[in-house]
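Hello,

Here is the structure we talked about. Please have a look at it, then read the notes below.

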Amino acid sequence: MACIASPILLELLFFWNNDSFTKGLKAIEKSTSLLLFPIFIIGNYQRINFLRITQIYSITTTILMLLLFIRFNVIYPELMNKYLNGIDLWEMGYQFADSIGIHAPALNMHLAFVSVCALFFVFYSIKNQEKRSFKIIRLIVFILSFFFVLFVNTRIALVNVLAGFAIVFFLEFKSKINVKKTAIISITTLILLGSVLFLFVQKNPYMKEKYSKATFAYMDKVGKLDEIDHPEIKVFNSFVTRLSIWKSAWELSEKNLPFGVGASDGKPELVKYYKQTNQHFLAKYEFPTHNQFLDFLLKFGILGPLVVVLYIFTIGYLGYSMKNAIILSFFLTFFTSNLIDDFLLRFDGIAFSGLWFSIFASHWLQQKTILDKGQKAA
């Protein structure tokens, strides 16, 4: 419980370092769920049905996304026409996410996890010899969930979802349960995945450019983005922009060691530093750190990144100790997402991780209790 609540405990510990009392309280309020979720969920861990919750979550989210996708086509037919005709392909995922009211990378972090859960339950359906209709439904849910990851089309989410699929495949084969059936469904799933991905890339040729030239363009301009002609067009989502932000955040963090600038003052101080160092493009769009480790280093000093490591890697420990593909995939997704973004800065990222961390911990406690009882009986 203390581990899950560690970010808010850190904010309370360093509350004195905020310049604004009101903004400091607001920062704490945003993280309150990290205190409430473990109390109510882990406090009743015996009642948590991990598989049932995960099934409901993956199916419900996929159905919701399908309804929102249909709504998007009805309300913004001109955007879909542009998309189908290969015009301004780069904006589609962000436009779709905006229509829902969520940041595209945050949405796709959720969707990547949903897709991995959906694949897990495809295997689960076969191992438990469910009815054929159930197997077909689970397969449809999986294909739809993967399609939505591709449609929103953020780079780190696609990498994470493919890595998550690999974890599921590996652990399913390692379990040596229904090897023949597992092999058949794995080959079938890979063919379906490959087909969906191939058709999507053919329809969206910008993906080839996005994952190669667009991502790594102008790498010689780190910290000098204003020398690029129209940087908001050419490098807004490129890696060089992230590196420029990280460079500034690191330099500012070094100047404010060992206690940082305060929880409520991280972004304002960073924007001020952009202006001081004549980085007008970064200052204009007021980019946050886009790295959770650097964000906490800037806000809380030396202790900040240590808390982030404790928070995220404990999820990895839970998954590894139970050899659970869903938890390991969540850990990988949340860890890599926070390398290029700062989801403990956002309420959706805080609530998302705190909720599932608490559910994972409850499942771990259940397994530990069963194991302890078995050892005592032996």
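Ser6 counts as buried because its relative accessibility is 8%; buried means under 20% relative accessible area, exposed over 50%, and partly exposed in between (1.4 Å probe, protein chains only). Ser6 sits in helix α1, residues 6-13; helices are DSSP runs of H or I with at least four residues, numbered from the N terminus. Leaving out residues up to four places away in sequence, Ser6 touches Val307, Leu310 and Tyr311, where contact means heavy atoms within 4.5 Å.

Some background on the model: it is predicted, so local features need pLDDT of at least 70 and side-chain atom pairs count only at pLDDT 80 or more, while totals for chains, interfaces and linings use all residues. Residues are numbered from 1 along each chain as its sequence is written, and side-chain values use heavy atoms, with hydrogens and water left out.

Next, the backbone. Most residues other than glycine have a negative phi, and most peptide bonds are trans. The peptide bond from Leu257 to Pro258 is cis, with omega near 10°. Pro258 belongs to the loop between α13 (239-255) and α14 (266-276).

Asn278 is in the loop between α14 and α15 (280-285), and His290 is in the loop between α15 and α16 (292-300). Is each one buried or exposed? Asn278 counts as exposed because its relative accessibility is 51%, whereas His290, at 9%, counts as buried.

Regards

Terms used
Helices (H or I, at least four residues) and strands (E, at least two) are DSSP runs, numbered from the N terminus.
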